[in-house]
Amino acid sequence: MKTHWFRGWMGMLALFAFSALWLQGQQGSAVPTVAIRAGRLIDVRTGKVAVDQYILVTKDRIQSIASSPPPGVAVIDLSRYTVVPGLIDSHAHVLGNPKDQSSTGSLRMSSAQQAIWGVRNLQVWLDHGFTALREAGEDDPAYAQLALRDSIEQGLIQGPRMVSAGQFVSLTGGHGDADVLAPDAGLLPRPNIADTVDDVERVVRRDIKFGADWIKLMGTGGVMDPISDYRVQELSQEQMARAVEVAHRAGKKVMVHAEGTEGIKAAVRAGVDSIEHGTMLDEEGAKLMEEHGTWLVPTLYCFQHDMETGLSQGRDAVSLAKGVAILKEQGPAFHRALEHHLKIAYGVDDDPDVVSKEFGALVRGGMTPIDALRAATINGAELTGRSGDIGTLEPGKFADIVAVEGDPLTDITVMEKVVFVMKGGEVIKNAGK
Ligand SMILES: [Zn+2]
């Protein structure tokens, strides 16, 4: 009996040893597909910069980082540039024409037309080095953003790796109520409207049914619409808590649009995963977020950008007036977030043509350049639950690799000058040749 057990054990051990050797052989002997020569390589985990390194890529993953390439392997020469991980935008809206800011824009476009704009928009994200994004919700009852996410995954179209929210969960007359028409001209009832706790459960279940990874709640009023008040809490704490309960039970996460002070705190107390904007975050709210480990996606630049675009893109005057009023809240709130060492991820919430502008806004707002880079890489990966695959340049992760001119640690705005983009081992852009 004892011998039998011992033999079985030895057999298992031998099998383990063999498997380990085989795996090692597989990895060790695999010939890299390509080597990327990086003039300067930023390790966002440690903040250290290594000079003249080779990133060896096998198929879609990073195999290793070495000081010289193996013989015979093709080299992409980025020795004049700084190389960073593929960037992550954690607050993106991919559907429709990003230069149409009118409150009825999405009502004049079919879901199909919005999706075609989406295909075009996703290329712009890639072109700026954003190889992954988190969709922050849409008001499309047909969920075209989920179709885009799945089409990228299936290789039907090119675009960043996506995780995605469903429809905005909103009160009647709230920030996510797209029906801005007169009472006798209104739309048919829309499936994203939730006025009670049970309504929230139904709307969240619909999002989950159709494949949302995240639930997007409108916790307070907002700026871009012509009807809501950004200072006012919209969904109740009980409603948000129900959304969290239903979403978390299904393995999904919850992000909350929250600008006004009370709505931010109610959302944090309800147990949500991330606060979007947090534009009027007060001391108590910052403390609460720190205690709960709630993420903040501050989206600073989009509010600043509004002052440049003004009414030129069809914006309603009433909406622009809100934008002017809220801007003064942003700086002090962001300072509180930094003082409380909140977990911060990069999100632009704007036209993808300006997706790189948030770097400058974060640093002007008091963040260090390396932390701004972390917000758009390692932090975005953690927030979106993809730390095993993206966010750093380390063996085993996807070969999502970006190069910029100059040194982002001394001038963060060079992140606007992306010369090279690789996603999963495929060269998307190589303008530095
Ligand atoms: Zn947004």
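Serine 106 lies in the loop that links strand E5 (87-92) to helix H2; here helices (H or I, at least four residues) and strands (E, at least two) are DSSP runs, numbered from the N terminus. Residues are numbered from 1 along each chain as its sequence is written. The model is predicted, so local features need pLDDT of at least 70 and side-chain atom pairs count only at pLDDT 80 or more, while totals for chains, interfaces and linings use all residues. With 19 other C-beta atoms within 10 Å, serine 106 is partly exposed. On this scale a residue is buried if 20 or more other C-beta atoms lie within 10 Å of its own, exposed if 12 or fewer, and partly exposed in between, with C-beta atoms placed from the backbone. Serine 106 touches Gly96, Gln114, Asp139 and Ala178, leaving out residues up to four places away in sequence; contact means that the C-beta atoms of two residues, placed from the backbone, lie within 7 Å. Glycine 96 is 10 residues from serine 106 along the chain, and their C-alpha atoms are separated by 7.0 Å.

Strand E5 also belongs to a sheet. Eight strands make up this open sheet, in the order E5-E6-E7-E8-E9-E10-E11-E12, with parallel pairing. E5 and E12 are its edge strands, each pairing on one side only. Two strands are taken to pair if DSSP finds at least two bridges between them. In general, strands of a sheet pair through backbone hydrogen bonds, either parallel or antiparallel.

Strand E7 is joined to E6 by 4 bridges, in parallel, and leucine 133 stands opposite methionine 162 in E7. E7 also pairs with strand E8 (residues 214-218) in the parallel sense, over 3 bridges, where alanine 165 faces tryptophan 214 in E8. Because 9 of the 9 residues of E7 are buried, the strand is largely enclosed by the rest of the structure. Further along the sheet, strand E9 (residues 253-258) and strand E10 (residues 274-277) run parallel and share 4 bridges, with histidine 257 opposite glutamate 276 in E10.

Helix H3 (residues 144-153) has buried residues that include Ala144, Leu146 and Leu148. The buried residues of H3 pack against helix H2 (111-127), strand E6 (130-135) and strand E7 (161-169). Just after H3, glycine 155 adopts a positive phi of about 80°.

The largest nonpolar core holds 117 residues, of which Met240 and Ala243 touch the most other members. Helix H5 (residues 237-249) supplies the largest share of this core, 6 residues. At least three residues come from each of domain 2 (31-85 + 394-430) and domain 3 (87-355), with domain bounds from an automatic or database domain assignment. A nonpolar core is a set of buried Ala, Val, Leu, Ile, Met, Phe, Trp, Tyr and Cys residues joined through C-beta atoms within 7 Å. Beyond its neighbours within four places in sequence, alanine 243 contacts Val169, Val200, Val204, Ile215, Leu217 and Val254.

Helix H9 bends along its length. A kink of about 30° is centred on isoleucine 326, the bend being the angle between axes fitted to the seven residues ending there and the seven starting there. Isoleucine 326 is also among the buried residues of H9, together with Phe334 and Ala337. Helix H7 (283-292), strand E11 (295-297), helix H8 (300-309) and strand E12 (343-344) are among the elements covering these buried residues. Just after H9, histidine 341 takes a positive phi of about 50°.
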